[in-house]
Amino acid sequence: MTRLLPAVLLVLAFALSASLAMTEEVDEKAQAAELILLLKSKDSSVRVRALEQAKLNQHSSLSSPLARLVSDKELGVRLGAIEALAARTEEKARRKAASTLASRLNRLSKTRGDQDELHLLIESLGTLGETSGIKPLIDPIEVEMDMDEVKLRLQAVANVPHEKAVEALIDFLAKGRRSGRGPHRREANNALRHLTGGNPRE
């Protein structure tokens, strides 16, 4: 009987752990349902506060409501939605978040909207590190673009741990050599070195 006691305790410990995990999942789902209702509020301050809480909740049901608020008419709400999407941790949710933010960045890159929103989108795509963000980050870069934005965009590309990011930076370097964009090449070299851990191309 004494020899059976450790095994019984082990089984009980596993059962308790599973029960706690299930309780946490139920709590997260219930909180997500409440947040979804708040995110639909007509009061923008309520939506902003709900978005702060949404950063900490990873339930999958939040992905679509957060994506919709990226196009909200209020800047504060859009910024909060971007931050909440960038905080996703589950792989599928991260891919969906990156796709949403990439589409928004494409639009803002053409219209040159609010700079705070533009920069946050760039940084957030770097945080998510998904391949869907590469083209929207690197394709709009032109000679007349502010160098701070160029650097921010290239750094975000360097945070994507994928061969597509390496290829995009190499293509950008080749384009820079043809057009003589020295400062752009230096930033692309730095980004490529960060991504590959190698020496920059001069």
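# Working chat: helices, loops and charges

Student: Where is the place of Ser60?

Tutor: Ser60 sits in the loop between H2 and H3. Helices (H or I, at least four residues) and strands (E, at least two) are DSSP runs, numbered from the N terminus. This is a predicted model, in which local features need pLDDT of at least 70 and side-chain atom pairs count only at pLDDT 80 or more, while totals for chains, interfaces and linings use all residues. Residues are numbered from 1 along each chain as its sequence is written, and side-chain values use heavy atoms, with hydrogens and water left out.

Student: Is Ser60 buried or exposed?

Tutor: Ser60 is exposed, at a relative accessible area of 57%. Buried means under 20% relative accessible area, exposed means over 50%, and partly exposed lies in between (1.4 Å probe, protein chains only).

Student: And how far is Ser60 from Lys92, C-alpha to C-alpha?

Tutor: Their C-alpha atoms are separated by 8.9 Å, and the two residues are 32 residues apart along the chain.

Student: Where does Arg68 belong?

Tutor: Arg68 is in helix H3 (residues 63–69). With 55% relative accessibility, Arg68 counts as exposed.

Student: Let us step back. How many helices and strands are there in the protein chain?

Tutor: The protein chain has ten helices and zero strands. Of its 202 residues, 40% count as buried.

Student: Which residues are buried in H2?

Tutor: Helix H2 (residues 44–54) has Val46, Arg47, Ala50, Leu51 and Ala54 buried. Seen down the axis of H2, these buried residues fall within an arc of 140 degrees, so they line one face of the helix. The arc is that of the directions from the helix axis to the C-beta atoms.

Student: Arg47 carries a charge. What does its side chain meet?

Tutor: The side chain of Arg47 meets that of Asp72 in a salt bridge, at 3.1 Å from N to O. Asp72 lies in the loop between H3 and helix H4 (75–86) and Arg47 in helix H2, so this pair ties together parts that are 25 residues apart in sequence. A salt bridge is a side-chain nitrogen of Lys or Arg within 4 Å of a carboxyl oxygen of Asp or Glu. Arg47 is buried at 6% relative accessibility, and Asp72 is buried at 13%.

Student: How many salt bridges are in the whole structure?

Tutor: The search finds eight. One of them joins the side chains of Arg104 and Glu117, at 2.9 Å from N to O. Arg104 lies in helix H5 (residues 91–111) and Glu117 in helix H6 (residues 115–128), so the pair ties together parts 13 residues apart in sequence. Both Arg104 and Glu117 are buried.

Student: What about Lys135 and Asp139: how do their side chains meet?

Tutor: The side chains of Lys135 and Asp139 form a salt bridge at 2.8 Å, N to O. Lys135 counts as exposed at 55% relative accessibility, whereas Asp139 is partly exposed at 41%.

Student: Which residues are linked in a network of salt bridges?

Tutor: Glu52, Lys55 and Glu83 are linked in such a network.

Student: New topic. Where is Glu130 found?

Tutor: Glu130 is in the loop between H6 and helix H7 (134–138), and it counts as buried at 18% relative accessibility. Its C-alpha atom is separated by 6.5 Å from that of Arg95, 35 residues apart along the chain.

Student: Finally, where does Leu152 lie?

Tutor: Leu152 lies in helix H8 (residues 147–158) and is buried, with a relative accessible area of 18%. Leu152 and Glu187 are 9.4 Å apart in space, C-alpha to C-alpha, and 35 residues apart in sequence.
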